[in-house]
Amino acid sequence: MRIVLVMLLSAAVGALLAGPWVDWPMHEGYVGVLLMLSAALAMRHHWQRRAETRGDEPGEPEREVWHGLASTSLIGAQIATTLFLAGPGLALHSPQAHQLGRTTWTLIAGAVASWFILHRREVQRDERDRAIVTQANRVSGHVLAALIVVLAVTLGFTPPERLAPMSHVFLAHLLLLTLVIASLVSHALQLWGYRRDAQFGVDAA
Amino acid sequence: MSVPIGNHLRRLRFDHGEMTQDALARAAGVTRQTVIALEAGRYAPSLELAFRLARVFGKRVDEVFFWRDD
């Protein structure tokens with residue numbers, strides 16, 4: 001439930017940043033960066049408190065996956081919303097494409113900066129972390145293959161006159177979105193794996 | 001969902017001067033979250049990790065881990 005909530009909330013922020021519905025006081029990329037940094041600081045504080053009071057805070061690898069889920073959802077939704085609003089004819093040298101590029105790269109910089117806020121020096125991964133990653137990546141690999149096949153077949157069987165309005169920028173971003181979806185599946189499954197393993201048995205450590 | 005391999009890690013920790021989960025994790029080279037998952041019966045360790053955990057307590061593997069008979 002928490003995994004879906006984080007994914008939806010981050011995606012909603014990404015969609016709001018890309019859409020015309022909110023008049024932001026500054027460039028939406030900077031708004032996104034500020035939100036990411038604030039969320040990272042809040043989560044670091046929250047996990048620190050959980051470590052001190054309940055001792056059930058997530059480990060370093062799990063924190064990285066939470067960060068990956070939130071930032072990928074946000075950036076993916078921002079790209080998807082921009083593509084949806086701009087339509088298939090999105091031209092490379094158009095205000096919308098420039099806006100998309102600038103916002104996306106600003107958000108990626110924000111994701112890297114917020115990762116440094118959550119990151120601690122000693123990152124320890126053990127066999128359980130590796131098993132969780134392997135299992136999740138196996139499924140996300142199948143999802144990626146399925147999406148690519150669907151896209152390839154759809155594009156292959158679409159009549160040329162219907163393909164013509166689609167710009168190469170639009171198609172390139174569609175391909176990028178398949179990677180985003182596969183990455184989200186991997187992150188969500190990893191978090192589900194951690195959640196399944198960590199239900200009971202915490203003592204004061 | 002628990003795994004069919006049980007263990008006496010919690011009891012062994014307390015028998016060894018009330019060793020904390022964190023101390024056991026450091027000694028075995030895993031995260032504290034993995035020790036929590038092991039004690040809760042939600043994770044079955046590899047053979048290598050089972051040996052490393054047993055060595056921390058100076059025990060044989062079969063003195064630390066056992067097969068659950070349902």
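Author: Among the contacts in chain A between residues at least 6 apart in sequence, 87% join residues at least 24 apart; two residues are in contact if their C-beta atoms, placed from the backbone, lie within 7 Å. This is a predicted model, in which local features need pLDDT of at least 70, side-chain atom pairs count only at pLDDT 80 or more, and totals for chains, interfaces and linings use all residues. Residues are numbered from 1 along each chain as its sequence is written, while chains are lettered from A and ligands numbered from 1 in the order in which they are written.

Chain A contains seven helices and zero strands, and its pattern along the sequence reads α-α-α-α-α-α-α. Helices (H or I, at least four residues) and strands (E, at least two) are DSSP runs, numbered from the N terminus. The C-alpha trace of chain A spans about 65 × 40 × 25 Å along its principal axes. Of the 205 residues in this chain, 32% count as buried; a residue is buried if 20 or more other C-beta atoms lie within 10 Å of its own, exposed if 12 or fewer, and partly exposed in between, with C-beta atoms placed from the backbone.

The confidence of the prediction is expressed by pLDDT, given for each residue from 0 to 100. Chain A has a mean pLDDT of 89, and 95% of its residues reach 70 or more. Among the elements of chain A, helix H5 (residues 127-157) has the highest mean pLDDT (95) and helix H6 (residues 160-163) the lowest (88).

In the first, the axes of helix H3 (residues 60-86) of chain A and helix H7 (residues 168-197) of chain A come within 9 Å and cross at roughly 150°. H3(A) is therefore roughly antiparallel to H7(A). Axes are lines fitted to C-alpha atoms, for helices over the stretch in contact, and angles run from 0 to 180 degrees between N-to-C directions; those under 35 degrees count as roughly parallel, over 145 as roughly antiparallel, 65 to 115 as roughly perpendicular and the rest as oblique. The crossing of H3(A) with H7(A) is left-handed, a term that applies if the near helix is turned anticlockwise from the far one by less than a right angle, with right-handed used if clockwise. By class, this contact of H3(A) with H7(A) has 14 nonpolar, eight polar and one charged residues. Ala, Val, Leu, Ile, Met, Phe, Trp, Tyr, Cys and Pro count as nonpolar, Asp, Glu, Lys and Arg as charged, and the others, Gly among them, as polar. The H3(A) side includes Trp66(A), Leu69(A) and Ile79(A), and the H7(A) side includes Phe170(A), Leu184(A) and Tyr194(A).

The crossing of H5(A) and H7(A) is right-handed, and the residues of their contact divide into 15 nonpolar, eight polar and two charged.

Leu24(B), Ala27(B) and Ala28(B) in H2(B) meet Leu49(B), Arg52(B), Leu53(B) and Val56(B) in H4(B).
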